[in-house]
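Notebook open, structure on screen. I'm jotting down what I look up as I go.

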Amino acid sequence: MPHLRFRGMSRAIVKEVSKTLVTTLAPIIESPENHFVLEFIPAEFVQDGQIVAGQPLVEVLWFTRPQALQDQVASIITAELKKHLAPEQDLCIIFTPLDGYSYYENGQHYGK
């Protein structure tokens with residue numbers, strides 16, 4: 001945890017940003033690097049019955065953190081991905097806060 005899901009961009013971009021993104025984010029959010037999960041999800045976007053180019057999207061699933069930290073993480077992810085996207089391309093980042101009682105690893109929740 002956290003879990004970052006990437007859609008609407010190439011596998012090559014996700015592989016490239018994976019080299020530095022976790023190293024940058026880990027100390028900021030105080031989470032060990034080996035707790036991060038980066039997932040590339042191939043996706044097709046549909047509009048009016050046609051396959052269209054979609055907007056790059058990063059979904060961040062994590063335990064709730066302060067708004068200022070979330071803003072900082074969004075800025076870091078944006079800056080890193082913008083290096084690999086067309087200048088006019090928008091990037092959407094969605095944070096999904098998780099409750100420790102709803103997150104299980106090996107049958108044990110993280111609630112306190």
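Is Arg5 buried, partly exposed or exposed? I get a relative accessibility of 25%, so Arg5 counts as partly exposed. My cut-offs: buried is under 20% relative accessible area, exposed is over 50%, and partly exposed is in between, with a 1.4 Å probe and protein chains only.

**Ground rules**

I note that this is a predicted model: local features need pLDDT of at least 70, side-chain atom pairs count only at pLDDT 80 or more, and totals for chains, interfaces and linings use all residues. I number residues from 1 along each chain as its sequence is written, and side-chain values use heavy atoms, with hydrogens and water left out.

**Overall look**

I find three helices and eight strands in the protein. Helices (H or I, at least four residues) and strands (E, at least two) are DSSP runs, numbered from the N terminus. Read from the N terminus, the order is β-α-α-β-β-β-β-α-β-β-β. The C-alpha atoms fill a box of roughly 45 × 30 × 25 Å along the principal axes. Of the 112 residues, 33% are buried. The protein exposes about 7000 Å², and carbon and sulfur atoms supply 51% of that; the areas come from the Shrake-Rupley method with a 1.4 Å probe, and for residues only the protein chains shown count as cover.

I also looked at contacts, meaning heavy atoms within 4.5 Å. Among those between residues at least 6 apart in sequence, 73% join residues at least 24 apart.

**Salt bridges**

Back to Arg5. Its side chain meets that of Glu39 in a salt bridge, at 3.4 Å from N to O. The pair links distant parts of the chain, with Glu39 in strand 2 and Arg5 in strand 1, 34 residues apart. Glu39 is partly exposed too, at 28% relative accessible area. The rule I use for a salt bridge is a side-chain nitrogen of Lys or Arg within 4 Å of a carboxyl oxygen of Asp or Glu. By that rule I count five salt bridges.

Arg7 and Glu59 make another salt bridge, at 3.5 Å from N to O. Arg7 lies in strand 1 and Glu59 in strand 5, so this pair ties together parts that are 52 residues apart in sequence. Glu59 is buried, at 16% relative accessible area. Which residues are linked in a network of salt bridges? I see Arg5, Arg7, Glu39 and Glu59 in it.

I also checked Glu80 and Lys83, a salt bridge with the closest N and O atoms 3.1 Å apart. Glu80 is buried, with a relative accessible area of 14%, whereas Lys83 is exposed at 60%.

**An arginine with no salt bridge**

I found Arg65 in the loop between strand 5 and helix 3. Arg65 is buried yet has no salt bridge, and the nearest side chain of opposite charge, Glu30, is 7.5 Å away. For charge, Lys and Arg count as positive and Asp and Glu as negative, while His and the chain ends are not counted. What I do find is the backbone oxygen of Phe63, 3.0 Å from a polar atom of the Arg65 side chain.

In helix 1, the buried residues are Ile13, Val14 and Val17. They cover an arc of only 100° around the axis, which puts them on the same side of helix 1. The arc is that of the directions from the helix axis to the C-beta atoms. On the face turned away from the buried side I see the exposed residues Arg11, Ala12 and Lys15. Cover for the buried residues of helix 1 includes strand 1, helix 2, strand 2 and helix 3.

Helix 2 (residues 21-29) buries Leu21, Val22, Leu25, Ala26 and Ile29. Down the axis of helix 2 these fall within an arc of 115°, so they line one face of the helix. My reminder on spacing: an α-helix has 3.6 residues a turn, so residues three or four places apart point the same way. Among the elements covering the buried residues of helix 2 are strand 1 (3-7), helix 1 (11-18) and strand 5 (57-63).

**Gly8**

Gly8 is partly exposed, at 27% relative accessible area. Leaving aside neighbours within four places in sequence, Gly8 is in contact with Phe45, Gly54, Gln55 and Pro56. The C-alpha atoms of Gly8 and Pro42 are separated by 7.2 Å, with the two residues 34 apart along the chain.

Terms used. Polar contact = N/O pair within 3.5 Å; in protein donor to acceptor, adjacent residues only side chain to side chain.
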